[in-house]
Amino acid sequence: MRTKRDHQSGVRNLWRLRRYLRPYRLQFAGLVLAALGGTAVGIAVPLVIRRVVDGPIAHRDPHGLIALGALALLLGVTEAALTFIRRWSQSSQALGMEATIRQDLYAHLQRLPVAFHDRWQSGQLLARATADLSVIRRFLSFGLLFLFVNLTTYAVVVALLIRLHWPLGLLVAGSAVPLVVVSRRFTRTYLRTSRRMQDEQGDLATQVEETARGLRTVKSFGRQAFMSRQFGAGADRLRNTAVDKGRQLAGTSAQFDLVPNLTLAAVLVLGAVEVAAGRLTIGELVAFVTLQLMLIWPIESLGWIIGNAQEAMTASDRIHEVLDAPPSIVDKPDARAAGPVAGEVRFDDVWFSYPGSATPVLRGICLTVRPGETLALVGTTGCGKTTLVSLVPRLYDVTAGRITLDGHDVRDLRLDSLREVVGVAFEEPTLFSMSVRENLALGRTDATDDEIHEALALAQADFVDDLPWGLDTRVGEQGLSLSGGQRQRLALARAILSRPRVLVLDDPLSALDVHTEALVEKALAGVLADTTALLVVHRPSTIALADRVALLADGEIVATGTHSELLATVPAYRAVLSEAAEIADAA
Ligand SMILES: Nc1ncnc2c1ncn2[C@@H]1O[C@H](COP(=O)(O)OP(=O)(O)OP(=O)(O)O)[C@@H](O)[C@H]1O
């Protein structure tokens, strides 16, 4: 039952990819015509041979032999030319379709909310964008075409065979019955195995990606052998599934090979009897057998084509699992630009739970950050500070309540303009495999070198001048060639480069030494003077930047006030700060 459902969903999802075939429909029609033309010419050859055997050879007529020989030669050359045309243009359209699907997949991944990426392993996404798309390309370029051509060849040849000698022709037609039985049994198991293999490829890609990213941790804990064992187990699983899949295909292909060969043997014996009885000429028998030989390849390849179609179905299922995921954080139809804003940010009875979790992380948050004010968020680890600030640029949407910017619900604003207004720097900064300049200008592509240098100076990131190619230095995957503190300062410079009205800084100085932190804070104070800022703070020293502090505990705001007010009146605040100070000292 489940297999039937899987099969239906696979067929449906594969069929949905037809929109990618549309721009290439003329090319595809040309391909089909070239393939069918080649096959038709191939079919005509045995019919010419029949004429040769029953005509010039039987009547010892050399002139007739030359004419028919020339015709056979012409047919051979035509078939070769058509095959060349088909092969020449076959891959370009499939590669074009693959590229378009890949671009759509990537664009959709960008539209999907952070919550989607929290749930999905990156290796699974990687495998979908690479291996699964290659399977679909193979099907679109070869499988689909040959499925069509081979089935047409089969139907035409069997019709000709019946016309040549109907009892033997019906025998050949009847051989389709065991083929159908074999293919039904095959598709039942192969679909599951194919899906399992694609999932395991994704798991393995995730392992490689995580190990590459976490190599320092792996090495520093001396866990290479452990990780290798884990990877080995995954690789073994994948190998076993691949072997299982290969064997299923081999077993089925052998049965597909057997049927036409057994039928051929039967035709030879029965055909000889018919010739002896005078009901069939030798030329007709030769033509019959030659035509029947033309069925061997289409039938033998059917096992591979059906297997390829099954793999394409499961790959298409996997790709649609991503393409069908709704981009839940999108512009409303009537969303408007934020326009010039004063910068008041208000949390209005905000509740938030992560998708799939029943426990709210934030509970009834009411908080107002006035235009130009800097508010520090303080609280024990895991109390919800990062979650709270992530709601402002709508990395997640509130579960209940609302967040307003100058009185407008952020969900009513266009996302691009909201994200222009709100600049963000996180504790774990991501730098991309691009030059320093490109990394910095992510939020403002038109920034001049002077503006970039100003932002770098504010973030105390002048070390960029000492990099081998200055702003043009590629900072490598995730900026690994830079220290944690350097990366943090680049991320900070990136956030302030666009001079946003609202700045969200999630502990962006945690990796800096005390001296550099003090310098950054001094420079930042000027930026923060006229910017609304939400500052997640772990180190007591950073609180100096804030006009006001909010103490978060267990997802609730338990106190707000100036640092000195809270210090004097809220014991829990003193406790959180002294704990943080101890950790900072220990570090
Ligand atoms: N993507 C996520 N999916 C599900 N739960 C999450 C996710 N991110 C965080 N959480 C949970 O939400 C709670 C609050 O996490 P959050 O990162 O907001 O805390 P925090 O106060 O910023 O912590 P820290 O000070 O350690 O950075 C934690 O219990 C955490 O386990």
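A residue counts as buried here if 20 or more other C-beta atoms lie within 10 Å of its own. By that rule, 33% of the 587 residues in the protein chain are buried. This is a predicted model, so please keep that in mind throughout.

Overall form next. The chain has 19 helices and ten strands. Its C-alpha trace spans about 120 × 50 × 50 Å along the principal axes. As for contacts between residues at least 6 apart in sequence, 79% of them join residues at least 24 apart.

Now the ligand. Which helix gives the largest share of the shell around it? That is α12, residues 385-390, with three residues. The surrounding residues include Asp118, Tyr354 and Val361, as well as Gly384, Lys385, Thr386 and Thr387. Sorted by class, the shell holds seven polar, three nonpolar and two charged residues.

Last, helix α15, residues 449-458. Ile452, Ala455 and Leu456 are its buried residues to look at. They lie on the same side of α15, because the arc they cover around the axis is only 100°. The general point is that an α-helix has 3.6 residues a turn, so residues three or four places apart point the same way. Asp450 and Ala457, on the other side of α15, are exposed. What covers the buried residues of α15? Among the elements doing so are α14 (436-440) and α16 (484-497). After α15 comes Gln460, with a positive phi near 55°.

Definitions and conventions:
Residues are numbered from 1 along each chain as its sequence is written. This is a predicted model: local features need pLDDT of at least 70, side-chain atom pairs count only at pLDDT 80 or more; totals for chains, interfaces and linings use all residues. A residue is near a molecule or strand if its C-beta atom, placed from the backbone, lies within 6 Å of it. Helices (H or I, at least four residues) and strands (E, at least two) are DSSP runs, numbered from the N terminus. Ala, Val, Leu, Ile, Met, Phe, Trp, Tyr, Cys and Pro count as nonpolar, Asp, Glu, Lys and Arg as charged, and the others, Gly among them, as polar. A residue is buried if 20 or more other C-beta atoms lie within 10 Å of its own, exposed if 12 or fewer, and partly exposed in between; C-beta atoms are placed from the backbone. The arc is that of the directions from the helix axis to the C-beta atoms. Two residues are in contact if their C-beta atoms, placed from the backbone, lie within 7 Å.
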